[in-house]
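Work through the exercises below with the model open. Try each task before reading its solution.

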Amino acid sequence: TSSKKSQYEIQTLTGWLLKQEQSGVIDAELTIVLSSISLACKQIASLVQRAGISNLTGVQGATNVQGEDQKKLDVVSNEVFSSCLRSSGRTGIIASEEEDIPVAVEESYSGNYVVVFDPLDGSSNIDAAVSTGSIFGIYRPTEECLANLDDDENGALNQQAQNCIVNVCQPGSNLLSAGYCMYSSSVIMVLSVGNGVYGFTLDPLYGEFVLTHNGIKIPSKGKIYAFNEGNYQLWDDKLKKYIDDLKDPGPTGKPYSARYIGSLVGDFHRTMLYGGIYGYPRDKKSKNGKLRLLYECAPMSFLAEQAGGKGSDGHRRVLDIHPEEVHQRVPLFIGSTEEVEKLEKYLA
Ligand code: AHG
Ligand code: MN
Ligand code: MN
Ligand code: MN
C-alpha cells in the first residue's frame with residue numbers, strides 16, 4: 001500500500017474524536033457531548049462574525065449574577081450552548097457564567113455529564129470585532145442529581161438544586177476534558193481529553209474543524225506578559241516589583257513585551273503558542289481578582305498543564321482548588337512554567 005498520504009486525508013475534529021473513542025480514551029457519550037459543543041461553537045462563530053449585520057452588538061439591557069451588563073451576544077451564546085448540550089441527551093447538569101445557579105438537564109437520558117462553560121469570553125470586545133471565545137470544562141457527575149429542579153415555596157434552594165451545586169463544584173483535577181474556541185482571524189477549537197492538547201481550525205468552506213495543531217506544547221519560558229496594568233496601583237507591592245523587573249532591559253537590553261487583548265481566550269491562546277504569562281491578580285478593589293474558577297481558571301489551567309505549562313493563583317495550583325460556590329473568583333497566573341514559577345517566587 002502506498003505510504004504517501006493522500007491530500008484528502010485531512011483529520012477533522014469528528015474523525016479525531018472517533019479515534020479517541022476507538023482507543024478508549026473517551027467513551028461514546030463524551031464523544032457526543034464534545035460534538036455538541038463543537039456545533040455550539042460553530043454557531044457562535046457565525047453569530048459573532050455577523051454581529052453588526054444582525055443587530056447583535058450592544059447590551060441586552062440586563063445584568064448577570066456577576067453584576068455585569070450582559071451583551072446581547074452573552075445571552076444568545078448562552079442559549080446556543082445550553083440548547084446544543086440539552087439536545088445531546090448526554091448532559092446531566094450545566095453551569096454557565098450567564099446562569100445564576102447550575103441547572104439539571106431534563107432531556108438527559110444517558111452519560112449525565114456535568115458541563116461548565118463561559119459561553120462568550122471577552123464579550124467587551126464584541127462591538128469592536130476584537131477576539132472573543134467560549135470556554136468549557138466537562139466532569140463526571142459525583143452524585144445523582146434529580147431532573148426537575150425548581151425552588152421550593154420559600155425560594156430557598158431545594159435539595160435537588162443543592163445536589164446540582166455539589167456536582168458542579170469539583171476541583172479542576174477532576175476534569176475529564178476542557179477546551180476553548182477562539183473567534184478571531186481564525187476560528188480555532190483547542191481541547192484536551194487528558195492526553196495532550198490539540199487545535200482544530202474551522203474551514204469555512206465546508207464548516208468543519210480541521211486538525212492544525214497536533215500536540216500543543218507551551219514553551220518553558222517566554223518574554224511576553226499579559227496583565228491589565230491599568231490596575232497597577234491597586235496591586236500588592238510584591239506584584240508591582242515583579243512587573244517592574246519585567247521592564248528592566250537587563251544584560252540582553254531587551255525587556256519583556258506587553259500584550260493584552262482583554263479576552264482571556266485570545267491572550268491565553270497566544271501564550272500557549274508563543275510562551276509567556278497571562279495574569280489577572282487580586283487587587284484592592286477585587287479581593288479575589290476577576291476571573292471565575294469554575295469556567296475560566298480551571299479549564300485553562302487544565303489545558304496549560306496538558307501542554308507542559310502551569311496555572312496558579314499565585315500560591316496554589318489552580319487545579320487543586322476546590323470551589324466553594326459556583327461563581328467563585330480566584331487570581332490567575334498561567335502560561336510558561338518558568339514564568340509562572342518566577343512570579344510565584346516574587347509573591348512568596
Ligand atoms: P467575560 O467577558 O467572560 O466576562 O470575561 C472577561 C474577562 C477575560 O476574558 C478578560 O481577560 C478579562 O475579563 C478582561 O478584564 P479587564 O477588562 O478588567 O482587563
Ligand atoms: Mn462576562
Ligand atoms: Mn470570561
Ligand atoms: Mn463570558
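**Exercise 1. The open sheet**

What is the order of the 5 strands in the open sheet, and what kind of pairing does the sheet have? Keep in mind that this is a predicted model.

Solution. 
- Step 1. Read across the sheet: the order is E12-E11-E13-E15-E14. The pairing is mixed.
- Step 2. Find the edges. Strand E12 (257-258) and strand E14 (310-312) stand there. Each has a single partner strand, so one side of each is left without a neighbour in the sheet.
- Step 3. Look at one pair. E14 and strand E15 (residues 332-335) run antiparallel and share 3 bridges. Within this pair, glycine 311 faces isoleucine 334 of E15.

**Exercise 2. The manganese ion (ligand 3)**

Find the protein donors of the manganese ion (ligand 3) and the spacing they follow along the chain.

Solution. 
- Step 1. List the donors: Asp118 (OD), Asp121 (OD) and Glu296 (OE). They lie 1.9 to 2.1 Å from the ion.
- Step 2. Write the spacing along the chain: D-x2-D-x174-E.
- Step 3. The cut-off for buried is under 20% relative accessible area. Aspartate 118 is at 0%, so it counts as buried. Aspartate 121 has 4%, so it is buried too.

**Exercise 3. The manganese ion (ligand 2)**

Which residues coordinate the manganese ion (ligand 2), and at what distances?

Solution. 
- Step 1. The donors are Glu68 (OE) and Glu97 (OE), at 2.0 to 2.2 Å.
- Step 2. Glutamate 68 is in the loop between strand E1 (59-63) and strand E2 (69-71). Glutamate 97 is in the loop between strand E3 (91-96) and strand E4 (103-104). The pair therefore ties together parts that are 29 residues apart in sequence.
- Step 3. Compare with the burial limits. Glutamate 68 is partly exposed, with a relative accessible area of 24%. Glutamate 97 is buried, with 4%.
- Step 4. Go to the ion of Exercise 2. The manganese ion (ligand 2) and the manganese ion (ligand 3) are 5.4 Å apart.

**Exercise 4. The manganese ion (ligand 4)**

Solution. 
- Step 1. List the donors of the manganese ion (ligand 4): Glu97 (OE), Asp118 (OD) and Leu120 (O), at 2.0 to 2.3 Å. Their spacing is E-x20-D-x1-L.
- Step 2. Glutamate 97 lies in the loop between E3 and E4, and leucine 120 in strand E5 (residues 113-121). So this pair ties together parts that are 23 residues apart in sequence.
- Step 3. Both glutamate 97 and leucine 120 are buried.

**Exercise 5. Two helix pairs**

At what angle do helix H2 (residues 28-49) and helix H3 (residues 72-88) pack?

Solution. 
- Step 1. H2 and H3 pack at about 155°, with axes 9 Å apart. Angles over 145 degrees count as roughly antiparallel. That makes H2 roughly antiparallel to H3.
- Step 2. The crossing of H2 and H3 is right-handed. Contacting residues include Ile32, Ile37 and Leu47 in H2 and Leu73, Val80 and Phe81 in H3.
- Step 3. The axes of helix H5 (residues 237-246) and helix H8 (residues 337-347) come within 8 Å and cross at roughly 135°. H5 is therefore oblique to H8.
- Step 4. H5 and H8 also cross in the right-handed sense.

**Exercise 6. An enclosed helix**

How many of the 10 residues of helix H4 (residues 159-168) are buried?

Solution. 
- Step 1. The count is 7, so H4 is largely enclosed by the rest of the structure.
- Step 2. The buried residues are Gln160, Ala161, Asn163, Cys164, Ile165, Asn167 and Val168.
- Step 3. Their packing partners are E3, E4, E5 and H7.

Notes: Residues are numbered from 1 along each chain as its sequence is written. Chains are lettered from A and ligands numbered from 1 in the order in which they are written. This is a predicted model: local features need pLDDT of at least 70, side-chain atom pairs count only at pLDDT 80 or more; totals for chains, interfaces and linings use all residues. Side-chain values use heavy atoms; hydrogens and water are left out. Donors are N, O and S atoms within 2.8 Å of the metal (3.2 Å for Na, K and Ca); water is not among the atoms, so sites may look incomplete. Buried means under 20% relative accessible area, exposed over 50%, partly exposed in between (1.4 Å probe, protein chains only). Helices (H or I, at least four residues) and strands (E, at least two) are DSSP runs, numbered from the N terminus. Two strands pair if DSSP finds at least two bridges between them. Axes are lines fitted to C-alpha atoms, for helices over the stretch in contact, and angles run from 0 to 180 degrees between N-to-C directions. Angles under 35 degrees count as roughly parallel, over 145 as roughly antiparallel, 65 to 115 as roughly perpendicular and the rest as oblique. A crossing is left-handed if the near helix is turned anticlockwise from the far one by less than a right angle, and right-handed if clockwise. Contact means heavy atoms within 4.5 Å.
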